[in-house]
Amino acid sequence: MERTLDDYQEWIRNKIKKDEYEKYLNEGKDFINEEEIVEKLRTEKKADGKKVRDILQKSLAVQILTPEETATLLNVEDKELWQEMQDVASKVKKKVYDNRIVTFAPLYLSNLCVNNCLYCAFRKDNTIVKRRKLNLEEVKKETQVLTGEIGHKRLIVVYGEHPETDVDYMMESIKAIYSVKEKTKSGWGQIRRVNVNAAPLSIEKLKELKKVGLGTFQVFQETYHHQTYRKVHSPGTIKGDYNWRLYCMHRAMEAGIDDVGIGVLFGLYDWRFEAMGLLYHARELEKKFGVGPHTISFPRLEPASNTPFNQQSEYKVSDDDFKKLITVIRLAVPYTGMILTARESAQVRREVLDLGCTQTDASTRIGIGAYSDRYTTQEGERQQFILGDTRSLDEVIRELAERGYITSFCTAGYRCGRTGDKIMKLLRTGQEGKFCKLNAVLTFREWLDDFASEETKISGEVIINKEIEEIKKKIPTFYPKLMEYYEKIKKGERDLYLYLPVS
Ligand code: SAM
Ligand code: SF4
């Protein structure tokens, strides 16, 4: 049945369930205490080297920092101290995640949207964008390219906010993605983890989404600064409700989704304030649910078609400050995954990866239907912003291997029940990094045999052999089983992983 304008308005009115966040407010206030953040950023200045180094020791012990400590790091001015902070950030990353990098692809399923975010090309007032929602056949076609031609195993699926793409569509599309099994050169490919980046949902809808095997549920606050939030998100729209968005991870946890991803769209307000906002959010989740965010994202505002706001913002973040904010996030929330996207140029990605990023996308297309009809359409008309790095997965993996990183397609952890507080415990003690290496090796073997170019194979073989040697030395008990699976994969078996039981 066709929806009328009244139906749309009714849907918008009913979307927000105020009682699901009001219960968390403290005398009507949320947990982003702006006066306190400003005060800490004002007072925690000019720390001496000893104080900064003491804080770095805490990061190295994989402990979340306090607001004071984070403000101190954000205020460091001395160049040598920043260098030291960057070195420690890399060490923390190595300790928690080792030299693994997880790769994924974003898959945009719809650009229908009822909101009007000033910075986004999908805002409802942007009439030059061609609106489109993929039907389930088209979703499968996109997935076939991603799994059969490129070799991705993980997706982040992205939706605008619209009644046509509410939770029923999300569930159907996720099921469609998981149903695709594509033949590859030596075996078969399939998406094994679907993460979601979507508008905030109610607890009831989040419970539904969990049933179809959702991975991480990601929602970025965009800006933690209340006034800026009101400025860029029109009042009267769903997104205009700051608290509905701020507490969506509380609802996710209540719904039993314990892998949640938070983020800021850097460039809307002062980056130091926003970094503090992320810390407050992480600490709030730890305090209330005993588990912090699974990932933190830090997209920078990019140019978007017919979106002049993005050029005019006075808070654009320079490359230098971008490095600083990544360094401090890594140090302040040492256990969390950090997602670096293809919004950034290849050069910037090269420079910041070592500072503690754990996940990155490649072969990225963000137009609706852009993977399967990549040769035909005008990107500007259907994508959300303009990408900085359009390199293929093959090129990115080759470069990573040449720099000593092993690309991991492993999703075993989640399938063994290692989510939420269980994975956090393993990350904090460095066990996750060690054991995940095993499955990183197995999944990388699959990818090399199915998708790698001859050139990438050469660098890939060097890194995989080095990793196998290390496993033989460091965790010898697992070595025979690893090699048994490794040989089976070489013969065409797929999706074999070593099971690490959760205590
Ligand atoms: N519509 C949902 C929402 O707003 O939460 C989810 C999808 S939205 C398409 C994903 C994210 O893209 C937003 O949360 C925002 O941070 C980011 N984004 C929007 N416009 C952008 C731009 N011009 N440059 C960089 N990132 C942008
Ligand atoms: Fe819609 Fe999300 Fe874009 Fe805002 S950021 S206009 S909610 S798609």
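Which residue in S5 is the bridge partner of Ile 156? The partner is Asn 195. This report looks at that strand and then at the cysteines.

The model is predicted: local features need pLDDT of at least 70, side-chain atom pairs count only at pLDDT 80 or more, and totals for chains, interfaces and linings use all residues. Residues are numbered from 1 along each chain as its sequence is written, and side-chain values use heavy atoms, without hydrogens and water.

**Strand S5**

Strands (E, at least two residues) and helices (H or I, at least four) are DSSP runs, numbered from the N terminus. Two strands pair if DSSP finds at least two bridges between them.

| Partner of S5 | Sense | Bridges |
|---|---|---|
| S2 (residues 154-158) | parallel | five |
| S6 (residues 214-218) | parallel | three |

Opposite Val 196 stands Phe 217 of S6. Together with helix H9 (residues 203-211), S5 and S6 form a right-handed β-α-β unit; right-handed means that, with the strands pointing away from the viewer, the path from the first strand over the helix to the second runs clockwise.

In a regular strand the side chains alternate between the two faces of the sheet. In S5, Arg 193, Asn 195 and Asn 197 lie on one side and Val 194 and Val 196 on the other, and all are buried. Buried means under 20% relative accessible area, exposed over 50%, and partly exposed in between (1.4 Å probe, protein chains only).

**Cysteines**

The whole structure has zero disulfides, a disulfide being a pair of cysteine sulfur atoms within 2.5 Å. Cys 410 has its closest cysteine sulfur in Cys 436, at 4.9 Å, which is too far for a bond. Cys 410 counts as buried because its relative accessibility is 8%.

Definitions and conventions
Chains are lettered from A and ligands numbered from 1 in the order in which they are written.
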